[in-house]
Amino acid sequence: MTALRAGKKGKWNENADEAAAAFRRAIREFGGYQTAQDFSFVVNRLLYLPETRRLIAWDTQSQVRLLMVVNQDAVMEEKFRKRQEQLRQLDSQKRHLHVVVGKLEQQISTSSEIAGYKQSEQDRGKNAGHETATNLGDLVDRLRKVARERVTADAHMASAARALSDVSLEVEGLRERIELIEATLVEGFLSKQERESALALHKLAESGICPACGTVQPELQAEAEQRSRSGLCMLCGSELRFESSNQLNTLRSQLKEKTRSQEAVGVEHILASAKLQGIIDEQESIQTEINQIRSEDPSLTLLERSIPIKSGKDLLIQKDELARQEADLEGQIIELRQDLERDYKRFRDSIDSRLHGLHAAYSEYATAFLGLSCDLEEVPQGQMMSLSILVPKFGETVRPNEESCSEAQRFFLDIAFRMALIDLASDVSEGSGTFICETPETALDMSYVDNVVKMFRSFADKGHNLILTANVQTDGIARKLLADIPRTERASRVLNLFDIGQLSDVHRADITRLKQAISKTLS
Amino acid sequence: MIDSHSILLRMRDVAFALEAAGSHRRRLNRIGLQKFIYLYDAVSTLYETFPPVEGHYTYKHGPYDPAIQNAVDSLAFRGFVHVHGVERDNEGNVSATYGLTASGSNFTQELAMVEPFQVRWRIAVDVAAKVNARGWGRLKELAYSEPTYAMERIHGFGRRLKPEDRFSNSTASLLEIFKRTLRAGFKDVRPSNQVILELFFRYLENYAHYSRRPSISVSSPSKGA
């Protein structure tokens, strides 16, 4: 950054350092971002989708970071990212040590001098250092095994939770339908009793007597009668007849059946949860033992000790040391991974109600585009650790990666995901957002143009800004998107680059036809 | 905005609550009505039915569903409910008690005989009998002792209450525990709703009793169910 000016009337600050500091401050104070890097990430990875089409819908790291930045009131994203980096470094150190230990083992296996030494070691019994290494190694082996079990138990638990949530939604849906029928019945009995007891609303319908002031009002009566016949409240026109009672018994038996399956799935969920808790307890207990050994053995705080190798005995000692350090690193990695996964889960739980909004917004956009119901599904992802991310689900199939969708689907579902995230961010900040997309229609089959227009329109209808670039085409997205805007305003919504840009020879030769096409788009 | 169907359902519940309390020569006030219907919703799974999907929330004076007050006001306007002893206190809060008019009583009796609503009427009668046995003045503390509310109130106002959710610390799960415990060791024995309901109300009484004692914290989540 070379200079900065705040507001049109402000002065340019041309001191680069001061300008950069002022920019960072403005981003923090006015944008509410923790760092300028967060702002840059949000703009470059969320709000702006260039023609390079770098998607976020299946990108674990981007999705996790964006969710955290958008919900930074609930989590310290930067701290989380730094700890993820620490995990990566530990893993790389461990791999490095593993290679060194492997090489030492190879040397040891081919050395005759060491064979004799190993025998005498066994005869004498193991020394204290060797014992620590073995204990630590055993513990880390157990920890590794338990961590693997935990991954399975986590997946089982997530699947049981999903199944319970699905069946609970069905139960709730049936309850709502039954309620509508019951409400209709209640209104029927109220009206009947009003008729029989000649109560105020009946008098309004029958004689036009206003229930508030008691005067006769023929116009009010006519309106009340009309509303009553249409199943509406005589006074305000609210709906009072919802569903006929024909379906009541069927719905009730469906509800009974669904409640039974909810119970069965609920038991599965409880068992999965108990099993997971048992594994977590065991993992924590092993971790505590490892930490205890680490605190009692200061040599483990050193990553690599360079022992000058003079003899076969030195080689063995060196190998034991490094193996111990490798085991210790593995223990640290498992602990850090577990902490990060737990923090991420806590964060996700804390923004649960916001995520419901994200699901709803995504479903609205994605369904508008696909023309069939599409929602987000949570799936575990990530190489170093399991961070659940949200991927599309349509046609009863979860789409865990880009390859599970066609090119147009992956591009527009990514746009739907971005717009849903912008909705979420706007809700959190109580403002509106902007989405910038370069030439969206190039990835599109003409049969989907109307759907895409519907999707973009529903985003813009929420008060967001949409900036799209388009090549000159007479029947593309631009023309259909502009169709809803009054004709007199259309030109002001379009920035015609032919007026201000550098034209190529091809453009210049065809300028009349191009201008005609643009004018058709605006007409 | 509350849906008109939610208010209609609450008109039914208000009518049942006032009729059931009236059978014990009691009129319910605004808060009493909320508490009575909360308990009546809470035990509904015992009778294999559900309360309305949009139900109570935590609020200043315990569990609160705004649709209930709208329902009773609407019933009063339409001539089904009498409003008695309307008073305004120094802070502007209006107090009143409610009872059914003759038309309201006819409406309630007709409703109670219709098959889809017979069970809910049964619940109102049973809950009123249990409250009556303990004293209507204790209605508030009984509702405050309900496990879901006792758990959620510590998190502040506006928390959705689902006492019918069997997979959380709720009345529904507590009733299920009572049912399973009473059945344990006996073949083909199904404890009656009356027995389970009595146990539940004893639990509420005990909870209220112990939570009044200073040495026991009411806000501890472990005291829920």
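This report describes strand pairing in chains A and B of a predicted model.

## The sheet of chain A

In chain A, three strands make up an open sheet, arranged in the order β1-β5-β6, with parallel pairing.

Strand β5 of chain A covers residues 434–437 and is joined to β6(A) by four bridges, the two strands running parallel. Within this pairing, Cys437(A) has Leu468(A) of β6(A) as its bridge partner.

## Strand pairing in chain B

Strand β5 of chain B, residues 94–100, pairs with strand β1 of chain B, residues 28–29, in the antiparallel sense over two bridges. Here Tyr98(B) in β5(B) stands opposite Leu28(B).

Strand β5(B) also runs antiparallel to strand β4 of chain B, residues 81–88, and six bridges join the two. Gly99(B) in β5(B) is the bridge partner of His82(B). Strands of a sheet pair through backbone hydrogen bonds, in either a parallel or an antiparallel arrangement.

## The hairpin of chain B

Strands β4(B) and β5(B) form a hairpin, with five residues lying between them. In the turn, Gly92(B) has a positive phi of about 90°.

Definitions and conventions. Residues are numbered from 1 along each chain as its sequence is written. Chains are lettered from A and ligands numbered from 1 in the order in which they are written. This is a predicted model: local features need pLDDT of at least 70, side-chain atom pairs count only at pLDDT 80 or more; totals for chains, interfaces and linings use all residues. Two strands pair if DSSP finds at least two bridges between them.
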